[in-house]
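Visitor: I am new to this structure. Could you show me how to read its pockets?

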Amino acid sequence: MGTIKWLLVVLLFTLLGAIGGYFFKKATSHGIALNRYFITQLFIGGCFYGTGAILNIITLHYLPYTIVFPLTSITYIWTMVLSYFLLKEVITVKKVIGVLFIISGSFLLIL
């Protein structure tokens, strides 16, 4: 598998991590109590997060750690997008600037 394909895997596992975080957030939306809703959302989030972590570990076998680990910051971009669309959170100029720095840094790593 070529480097470009592994970078697509990085995009996938960072997305899975962000989706997992979203379900963790949903799990606590009604408070933290050991009820069916909490456990279900926690389980779903754990599945997404865990799958992303496994893909991350596999990717580390094929790409340098100095590239893969910094690229995990792409998770913050996915998180902001999911937060905006699914949680109706406000995106500020400061957040957009932060994301632009993450994107710039990511491109510098893979050039």
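Predicted model: local features only at pLDDT ≥ 70, side-chain atom pairs only at ≥ 80, totals over all residues.

Visitor: Which residues line the largest pocket?

Guide: Rolling a probe the size of a water molecule over the atoms shows where empty space is left. A pocket is an open set of points on a 1 Å grid over the protein atoms alone, where a 1.4 Å probe fits, with protein on both sides within 12 Å along at least five of seven lines; lining residues have an atom within 4 Å of a point. Here the lining consists of L7, L8, V10, L11, L71, I74, I77, I103, S106, F107 and I110. By class, 10 of these are nonpolar, one is polar and none is charged.

Visitor: Is S106 buried or exposed?

Guide: Buried means under 20% relative accessible area, exposed over 50%, partly exposed in between (1.4 Å probe, protein chains only). S106 counts as buried because its relative accessibility is 9%. Leaving aside neighbours within four places in sequence, S106 is in contact (heavy atoms within 4.5 Å) with L71, S73 and I74.

Visitor: What lines the second largest pocket?

Guide: F13, T14, G17, Y49, G52, A53, N56, T72 and T75 do. That lining has three nonpolar, six polar and no charged residues.

Conventions. Residues numbered from 1 in each chain as written. Heavy atoms only, no water. Nonpolar A, V, L, I, M, F, W, Y, C, P; charged D, E, K, R; others polar.
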